[in-house]
Amino acid sequence: VCDRLKIRFCRQEMSGEQKREGYYLLGCGIPPLIGVVIHHFWSDWWLGVPLLSLSILFIYLNTQNRQITTDVLTGLSNRREFDQYIVKKTEQTRGNNWGMLMLDVDDFKMINDTQGHAVGDMVLSQTGSILSEVTGDCGFVGRLGGDEFAAFVWGLKNKCDIHKFCQNLQERLKTIIFDMEYAASIGISEV
C-alpha cells in the first residue's frame, strides 16, 4: 500500500511536460534494444550502432529544444515558448474562462544594486517557483525577461476567483526572505 501511495504521489507531482519527456527518453532507449535483439537472431543484421546513434541524436535534439525554450535561472518557459503556448491555447479554449497574469518585481534594480546579483537571482528564482506553485495545473507560467513573469491561468469563473488567486499569490510571495522589503506588482485580465 505504501509503495502505491508513493507512486501515486510522484505521478501527481510530475507535470504533463515532464511525463512526455520521460516517455520520449524511454522511447529513445527502445531502438538500440531492438537492434541488439535483431542482431542476436540474425547475426548478418547489425542495427545496434545505427539505432543507438539515432537515439542519441533524438536525445540531443530534445535537450537542445529544452535549452532554447527554458529560462536558465528559473527553469520556467521563456518568452518565446510562452508566446507560442498562448497562441495555441487561446485557439483551443475559445469561450472558456481564462486569465492572463503579469507580475513585475518592484524595485528589482535596487535589490540587485544593494544586495548583489546572487540575491537578485534568488529572488527571481523563488518568485518563479511560487508563481508556478500557485498556478499549479491550472495554468502555464513563463519568465518574459528581467523581472517580469506571466501566467496563463484557466478556470477563473468570476472576479471573486481572480481576487482569491491574486491574494494567494501575494501571500505566498511574502515568504521570500532576504534583507529588504519585497513587493511585486500583479495585473490580471479575465477573458
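How many bridges join strand β1 to strand β3, and which way do the two strands run relative to each other? In this predicted model, seven bridges join β1 (residues 98-105) to β3 (residues 148-154), and the pair runs antiparallel. If you want a spot to start looking, find D104, which stands opposite E148 in β3.

Now zoom out to the whole sheet. Four strands make up an open sheet in the order β2-β3-β1-β4, with antiparallel pairing. The edge positions go to β2 (139-145) and β4 (184-190); each has a single partner strand, so one side of each is left without a neighbour in the sheet. On average, neighbouring strands here are turned by 15° against each other, ignoring direction.

Next, look at the helices. α4 lies across β1, β2 and β3, running at about 20° to β3. Helix α6 (residues 117-135) packs on the sheet as well, touching β1, β2 and β3, and its direction makes about 5° with that of β3.

Is T74 buried or exposed? T74 counts as buried because its relative accessibility is 13%, and the cut-off for buried is under 20%. Its side chain makes a polar contact of 2.6 Å with the side chain of D71. A polar atom of the T74 side chain also lies 3.2 Å from the backbone nitrogen of L76. Leaving aside residues up to four places away in sequence, T74 touches L124, S125, R143 and F149.

How values were computed: Residues numbered from 1 in each chain as written. Predicted model: local features only at pLDDT ≥ 70, side-chain atom pairs only at ≥ 80, totals over all residues. Heavy atoms only, no water. Buried < 20%, exposed > 50% of the residue type's maximum accessible area, 1.4 Å probe, protein only. Polar contact = N/O pair within 3.5 Å; in protein donor to acceptor, adjacent residues only side chain to side chain. Contact = heavy atoms within 4.5 Å. Pairing = 2+ DSSP bridges. Axes fitted to C-alpha atoms, helices over the stretch in contact; angles between N-to-C directions.
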